[in-house]
Amino acid sequence: MDVAAVPLTSLSHGAGCGCKLPASALLPIVCGLPAATAPELLVGSATGDDAAVWRISDELALVHTVDFFTPVVDDPYDFGRIAAANALSDVYAMGGRPLTALNLVAWPLEQLGADALGEVLRGGLDVVRAAGAEVVGGHSIDDPEPKYGLAVTGAVHPDRVIANAGGRAGDALVLTKPLGAGAVVTARKRGEADDELLARAVAVMAALNAEAATAAVAAGASAMTDVTGFGLLGHLHGLARESGVAARVDAGAVPVLDGARAALEDERGLSGGSRRNREYADDFTSFDAAVAAWRARLVCDATTSGGLLVAVDPARAGEVPGAVVGRLVDGDPGAIAVV
């Protein structure tokens with residue numbers, strides 16, 4: 001079967017990380033579950049971090065994460081690359097190194113065929129191997145809506161874990177990838193983005209966060225998370241809340257994917273996930289009246305495989321590749337001012 005015969009996104013109700021359950025609905029459910037209390041658990045679900053960290057010895061801890069989603073692009077190989085980079089990012093956000101990955105597949109075989117699935121898996125495998133890890137197995141089910149992702153295990157020294165709860169008032173906030181890819185793929189699904197713009201978005205989403213994570217660790221980052229489906233404000237809110245501080249974002253300093261502004265200036269690039277992100281952010285965010293509407297959409301854009309958001313001493317922020325987009329400040333934990 002021709003791998004391009006049926007567009008992947010035509011079978012998807014959402015796109016990439018934009019298909020996440022709303023944070024406002026999910027967090028109360030998760031918080032209502034009993035928390036793990038094992039002494040070996042260095043980082044668990046209680047802080048809403050990117051991955052769990054389990055101490056094996058004084059020299060070794062394992063990082064565990066899982067991530068999967070519906071197609072964000074129609075090309076199967078690119079879908080696999082993006083999903084793999086996104087899953088691996090959670091390990092990088094903890095300061096870890098990926099070791100192994102397991103494929104997670106939901107696939108309508110009769111509609112999309114085996115060839116397309118093979119391309120998805122090949123894309124994922126190529127990115128995992130580029131990260132220095134290996135795909136060692138997986139699980140698949142039949143599903144009318146395609147989904148793909150990875151369960152990833154990584155390694156980190158127990159004393160060098162970078163969680164989202166260590167941020168300090170005065171830290172600079174560095175974002176290592178531009179935003180706007182979510183708006184681009186949404187606009188593309190509606191026939192409003194050309195091949196060149198889509199290719200730029202794919203390049204950003206498929207890029208590993210490995211080098212940025214290494215630089216952040218070397219620069220002494222105090223906290224770190226990756227920016228995905230809840231948008232910049234949603235993920236920053238979690239980091240600031242768990243760190244016991246507030247945050248200030250300079251909207252004009254937030255990097256935007258070249259060409260994405262047009263998709264953000266009206267609702268052509270506004271996904272359901274991004275709309276829910278703005279509704280969620282309104283509970284803890286104040287927007288200065290001077291912030292342009294398209295930039296307000298940008299900081300709420302439901303991102304797939306976005307960059308790392310790094311809290312670091314301002315004197316060392318230049319050592320982390322990316323843009324300084326704001327800072328952590330004293331104030332109500334989790335509160336954000338966008339100026």
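Q: Which strands does helix α3 lie across?
A: Helices (H or I, at least four residues) and strands (E, at least two) are DSSP runs, numbered from the N terminus. Contact means heavy atoms within 4.5 Å. Axes are lines fitted to C-alpha atoms, for helices over the stretch in contact, and angles run from 0 to 180 degrees between N-to-C directions. Here helix α3, residues 109-130, lies across β4, β5 and β6 and runs at about 175° to β4.

Q: What should I know about the model and its numbering?
A: This is a predicted model, in which local features need pLDDT of at least 70 and side-chain atom pairs count only at pLDDT 80 or more, while totals for chains, interfaces and linings use all residues. Residues are numbered from 1 along each chain as its sequence is written, and side-chain values use heavy atoms, with hydrogens and water left out.

Q: What is the strand order in the open sheet of six strands?
A: Strands of a sheet pair through backbone hydrogen bonds, either parallel or antiparallel. Two strands count as paired if DSSP finds at least two bridges between them. The order is β1-β2-β3-β6-β4-β5, and the pairing is mixed. At the edges are β1 (41-43) and β5 (134-142), each of which pairs on one side only. From one strand to the next, the twist averages 20°.

Q: How many bridges link β4 and β6?
A: Nine bridges join β4 (residues 97-107) to β6 (residues 147-156) in the antiparallel sense. Thr100 has Thr153 in β6 as its bridge partner. Helix α2 (residues 76-93) packs on the sheet, where it touches β3 (61-69), β4 and β6, and its direction makes about 145° with that of β3.

Q: In what order do the strands of the seven-stranded open sheet come?
A: The order is β8-β11-β7-β12-β9-β13-β10, again with mixed pairing. Because β8 (223-226) and β10 (285-287) each have a single partner strand, one side of each is left without a neighbour in the sheet. β8 runs antiparallel to β11 (residues 308-312), joined by four bridges. Ala223 stands opposite Ala311 in β11.

Q: Is Thr176 buried or exposed?
A: Buried means under 20% relative accessible area, exposed over 50%, partly exposed in between (1.4 Å probe, protein chains only). Thr176 has 16% relative accessibility, so it counts as buried. Thr176 is found in the loop between β7 (172-175) and α4 (181-189). A polar atom of its side chain lies 2.8 Å from the backbone nitrogen of Leu308.

Conventions
A polar contact is a pair of N or O atoms within 3.5 Å; within protein, one must be able to donate a hydrogen and the other to accept it, and residues adjacent in sequence count only if both atoms are side-chain atoms.
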